[in-house]
Each structure stands twice: as C-alpha cells, then as structure tokens.
Amino acid sequence: MPEIRHVTDAERAAFATDGVVCLRGALDPATVAGMAEPVEVALRSRAMADLSALGGDATAGGRFAGGVDHWKELPEFATFACEGDLPRLVAELLDSPDLWLYEDSVLVKEPNTPARTVWHQDLGYFHVAGEHLATTWCPLDPATPESGAVRYARGSHRWDATYRPNLFVTEDPIPDTVGEVVPDVDALVAAGEAEIVTFSTAPGDVVVHHARTLHAAGGNTSATARRRVVSVRYVGADARTLIRPGAPRKPHQQTWPDGAPFTDLDPADHPRVWPAG
Ligand SMILES: O=C(O)CCC(=O)C(=O)O
C-alpha cells in the first residue's frame, strides 16, 4: 500500500517544542477500523485490567479498561505496531535511524465512564532512558474532551524531572518508586504557570507524545460514544535500558542490565520495527 504521508518539518518542530503533536490523517482509516475486532478480542482477554476498579470507580457507570502487550498474542496488533505507516512515522518524527517496539496498549473508556486518567508521565513506568521515546495514541472513535481526549502539559518533556508513576487512575505514587511526585498540573494552569495542549481527533489521526510529557484525560461523559484507543510505545537509537526501582517489571525485564541499547535485547520482547524488513 502506498505511504499515506510523511511527517512535516512543522510537526517535528511542534513535537520538539510541545512534547506532543497530532499527525492528522496519518493512518489509513481502514487500517484503524481493522483494529476494532482485535480490540474486542483484547477486551475479553486476561491481559486487560479494569482501571476503573483501581481508581475506586468500579460500580459507577462504564469501565476504563487497559492492557499491554497484546501484540504478543494477537497478530493484528503485531502488524499494526511493527509494519506499515505507524513505525515509519514515529521514526521520522524522532529523526531516529532505528526504532524498536517497547509495548502496545489498549485503552478503552466506555460511555458514561467516570474514571479519569490522572496526570502522569510515561517515563516513570518505562525502564528506559534517552530522547528517542514516543507514545502514540491512535483513536478508533472520534475523541473529544467529553469522551476523554488526552490533555498534555505543553513543553513538560523539558521540565527536566522524572516523576513517580501512579497507576494512571489514582494520584498516589506506586510505593518504593523514585523521583518527584507528579505536580498538580491543573493548579499550575490556573496559576498561569503551565499550558494545556489537546486535540479532538478522528480515526486516522495519531497523537504522539514524548515519554517525559505529562498528560491526563477526563472520563467519558458521553452517553453513547465509546473511546477506543490503541497506543503503541516506541524507543529509538539513543534509548538505553534503565531499571526504575519500584516500577512494575515484566518477566523479561527482571534480568535487564542498565545501559543496554535495544540492539542487544531479545527481539522476541522488543522487535526492531524500523528500518522495515
Ligand atoms: O487514554 C488515556 O486516557 C491515557 C493514555 C495514556 O496515558 C498513554 O497512552 O500514555
């Protein structure tokens, strides 16, 4: 299939300045629609956690469901994350000669889901360091502020801090993690000390943020609209392993050294996705 488009210089500049950019019309809508059935399969699988329950909202309304590493079980996720336009666009955006898959994730907020995604930074969860670190957010439904579009603290990837991870739905940091507690970004915005960037998106748009960028989302207050998202996280040439104490580790990360480039890691856990082939 022909490439839909490339990343522009203006998009690279926005990502560098804001720590987030929305690549409009970057994926073939049919490719994105093709993920609907695999997402339903993932939603029924053991890989999914009920994040609403973690946040204390289990009984109120719809659920916020999240899971990671669906690509290891479901070939459609592997194709979406490892082939085609998405890895190429991220390599272009990061200006990285190589790109590896860190993980994928399904993030669904059903209609009437009160659970918010609290302010957090992905880096505190990821056992990596570097500049080439990107999270993509690929909506399967139109996403609006009402249905849970993500809000980003503009330029927070340059705040030069690693924040303690907090399980997404509660502000309490995970015990024994290190770093600073995530600041109250809404208070900073109210005080004129921070600014929000957010995008209403359509299927085919891809929002990409840096792993240091703080972000949050409301619940899904729509009575009828689902907010289904496939999020794929990538690392590039300058990324190195860095075990972050207290942050959840996957089985293969138990034995990770610090400082390893991804070329040295097992491709069964982190396949190289760019250059293609
Ligand atoms: O979709 C959401 O509500 C949160 C997304 C997010 O935090 C992420 O992809 O890193």
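Buried means under 20% relative accessible area, exposed over 50%, and partly exposed in between, with a 1.4 Å probe and protein chains only. This is a predicted model: local features need pLDDT of at least 70, side-chain atom pairs count only at pLDDT 80 or more, and totals for chains, interfaces and linings use all residues. Residues are numbered from 1 along each chain as its sequence is written, and side-chain values use heavy atoms, without hydrogens and water.

**Stop 1: Thr135.** Select Thr135 in strand β7. Strands (E, at least two residues) and helices (H or I, at least four) are DSSP runs, numbered from the N terminus. Thr135 is buried, because its relative accessible area is 1%. Now show Asp122: its side chain and that of Thr135 make a polar contact of 2.8 Å. Such a contact is a pair of N or O atoms within 3.5 Å; within protein, one must be able to donate a hydrogen and the other to accept it, and residues adjacent in sequence count only if both atoms are side-chain atoms.

Stop 2: Beyond its neighbours within four places in sequence, Thr135 is in contact (heavy atoms within 4.5 Å) with residues including Phe126, His209 and Arg233.
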